[in-house]
Amino acid sequence: MSATKAYGAQSATTPIVPLTIERREPKPHDVQIEIKYCGVCHSDLHTARNEWGMTVFPIVPGHEIVGVVTAVGSHVKKFKAGDIAGIGCLVDSCRDCDNCKDGLEQYCSNGMVGTYGGMEKDGSGATHGGYSKSILAHEDFVLRISDKLELAATAPLLCAGITTYSPLRHWKVGKGTRVGVLGLGGLGHMGVKIAVAMGAEVTMLSHSPSKEADAKRLGAQKFILTSDAAQIKEVMGYFDFILDTVSADHDYNFYLGLLRTSGVMVCVGAPAAPATVPAFNLIFGRKSIAGSLIGGIPETQEMLDFCAEHNIVSDIELIRMDQINEAYDRLLKSDVKYRFVIDMSTL
Ligand code: NAP
Ligand code: ZN
Ligand code: ZN
């Protein structure tokens, strides 16, 4: 095991503080990465504060990781020292179940290993995320990053990018699709950019009046302030597809009313409280409500290549490692434009 500098939480009620973690010894298929930048996902906050009730402490969050390969094991074929590489939300899976064979490792029937808060399959202990100096993973779970894109702004593609890309692809969003993106934060702003690049007509649904100009700059054709009844009336029964990225508890039924017949609302936002949806809100209009978890490794690579081709990166606010608690407080106020990324040289 090797001692590694990191930042993490010791409990749900204490701030993110400096920690030393133990990383496992590298194996022949491992790629070792010096982390340059790590995005700050709202899931980091949900996890650090144990809002989903599943956190094992201490926890080192961070699953939007980009950096430079410092060493590779003897069996590694995809990477060499000096390459730019990325790690997203998962670092291992069984590779053998139907989902893994289909490239849907995030739905591994035997349990995927999360980049943080997971357990290494070799029994070497808990996984720790990207709020740290370095990380290592099997080459199958390491992504190639284009050198065409600005590195810091690429980090959020590893979670916010793939989490929005995957459902947009799965539900075949494209030219002629009326898409509503609910919530303009890290996921939401990537959802707007990617859906626009796919050719869809995109409307931003936001509870923050101050975000209208930004939503349009990001490519949304329309902006609807969800607290304004007159504006909501304009889009009742309008959308084919709603991508719900809201992190806080909210009423799904309100937004189901914005779907047209056969429309689908995909929840990627993961508030802690369970929701109640009466069957009649789905029956009338043959509507669906669905969920989607990040994306598999092949699709994550496809998304990175798509973003390189379309010149899509995240709009970021670069922060120092010691600003992380302030960044969390701002996430809770919907005050992020539109992803915090930690400059890991400040660790
Ligand atoms: P974020 O940057 O904090 O953005 C969340 C947005 O939700 C806010 O900017 C805000 O947009 C809206 N919002 C917040 N509080 C609200 C409230 N009280 N009422 C209405 N809208 C509110 O978070 P994120 O990193 O994008 O993550 C969003 C959610 O997705 C989190 O729950 C996260 O855990 C989850 N997530 C899921 C997956 C997955 O695989 N399914 C992957 C990553 C993240 P407006 O100001 O525009 O209203
Ligand atoms: Zn995330
Ligand atoms: Zn599997």
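Is Cys100 buried or exposed? With a relative accessibility of 8%, Cys100 counts as buried, where buried means under 20% relative accessible area, exposed over 50% and partly exposed in between (1.4 Å probe, protein chains only). The model is predicted, so local features need pLDDT of at least 70 and side-chain atom pairs count only at pLDDT 80 or more, while totals for chains, interfaces and linings use all residues. Residues are numbered from 1 along each chain as its sequence is written, chains are lettered from A and ligands numbered from 1 in the order in which they are written, and side-chain values use heavy atoms, with hydrogens and water left out.

Cys100 is one of the residues that coordinate the zinc ion (ligand 3). The SG atoms of Cys94, Cys97, Cys100 and Cys108 lie at 2.3 to 2.4 Å from this ion; donors are N, O and S atoms within 2.8 Å of the metal (3.2 Å for Na, K and Ca), and sites may look incomplete since water is not among the atoms. The angles subtended by the 4 donor atoms run from 103 to 119°, which makes the arrangement tetrahedral (four donors with all angles between 85 and 135 degrees). Along the sequence, the donor residues follow the spacing C-x2-C-x2-C-x7-C. Cys108 is buried as well, at a relative accessible area of 7%.

Helix α4 comprises residues 160-170 and helix α5 residues 186-197; helices (H or I, at least four residues) and strands (E, at least two) are DSSP runs numbered from the N terminus. Their axes come within 8 Å and cross at roughly 50°, the axes being lines fitted to C-alpha atoms over the stretch in contact, with angles from 0 to 180 degrees between N-to-C directions. Residues in the contact (heavy atoms within 4.5 Å) include Thr164, Tyr165 and Leu168 of α4 and Leu187, Met190 and Ile194 of α5.

Because 9 of its 11 residues are buried, α4 is largely enclosed by the rest of the structure. Among these buried residues are Ile162, Ser166 and Pro167. The buried residues of α4 pack against α5, β13 (239-244), β14 (259-267), α10 (297-309) and β17 (339-343). Just after α4, Lys172 takes a positive phi of about 55°.

Thr226 lies in the loop between β12 (222-225) and α7 (229-234). Thr226 counts as buried, at 11% relative accessibility. Leaving aside residues up to four places away in sequence, Thr226 touches Leu182, Leu205, Ser206, His207, Ile232, Phe254 and Tyr255.

How values were computed. Four donors count as tetrahedral if all angles lie between 85 and 135 degrees; four count as square planar and six as octahedral if opposite donors are over 155 degrees apart and all others between 65 and 115; anything else is irregular.
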